[in-house]
Amino acid sequence: MKNKFLIIDMISEIGHIPFNTWYLKQEIFKNSIFFVSKTLVNAYPDFKIKKIESFNNNYSPLKRFFFSFRLLN
């Protein structure tokens, strides 16, 4: 059975690129799907990327919960 993960970068800032790239290169995350803001899709050319709307104005935990719930649906 292959591990599959859904990874969501809700902030999608340029500073997260090296951190996210390191994680996505790990063997356990090999079959993952990574959700990132439309503005950063080109920063991850070697990975399965799904575009999402920017989340930069929604930092509260409750808004993040509903945002995640919408993505899963």
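**The edge strand and its surroundings**

Author: Leu-6 has Ile-33 as its bridge partner, and Ile-33 lies in strand E2. The model is a predicted one, in which local features require pLDDT of at least 70 and side-chain atom pairs pLDDT 80 or more, whereas totals for chains, interfaces and linings draw on all residues. Numbering starts from 1 along each chain as its sequence is written, and side-chain values rest on heavy atoms, without hydrogens or water.

Strand E2 covers residues 33-37 and runs parallel to E1, to which it is joined by 3 bridges. Strands count as paired when DSSP finds at least two bridges between them. The open sheet is built from 3 strands in the order E1-E2-E3, with parallel pairing. Strand E1 (6-8) and strand E3 (49-52) each have a single partner strand and stand at the edges, so one side of each is left without a neighbour in the sheet.

The setting of this sheet in the chain is as follows. The protein contains 2 helices and 3 strands, and from the N terminus on its elements follow the order β-α-β-β-α. Helices (H or I, at least four residues) and strands (E, at least two) are DSSP runs.

Helix H1, residues 17-25, has Ile-17, Asn-20, Thr-21 and Leu-24 buried (under 20% relative accessible area; exposed is over 50%, partly exposed in between, with a 1.4 Å probe and protein chains only). Viewed down the axis of H1, these buried residues fall within an arc of 100 degrees, so they line one face of the helix; the arc is taken from the directions between helix axis and C-beta atoms. Pro-18 and Phe-19, on the other side of H1, are exposed. Across the protein, buried residues account for 30% of the 73 residues.

The C-alpha atoms of Leu-71 and Ile-8 are 9.0 Å apart in space, although 63 residues separate the two in sequence. Leu-71 is placed in helix H2 and is partly exposed, its relative accessible area being 22%. Another residue of helix H2, which covers residues 61-72, is Phe-66. Phe-66 is likewise partly exposed, at a relative accessible area of 46%.
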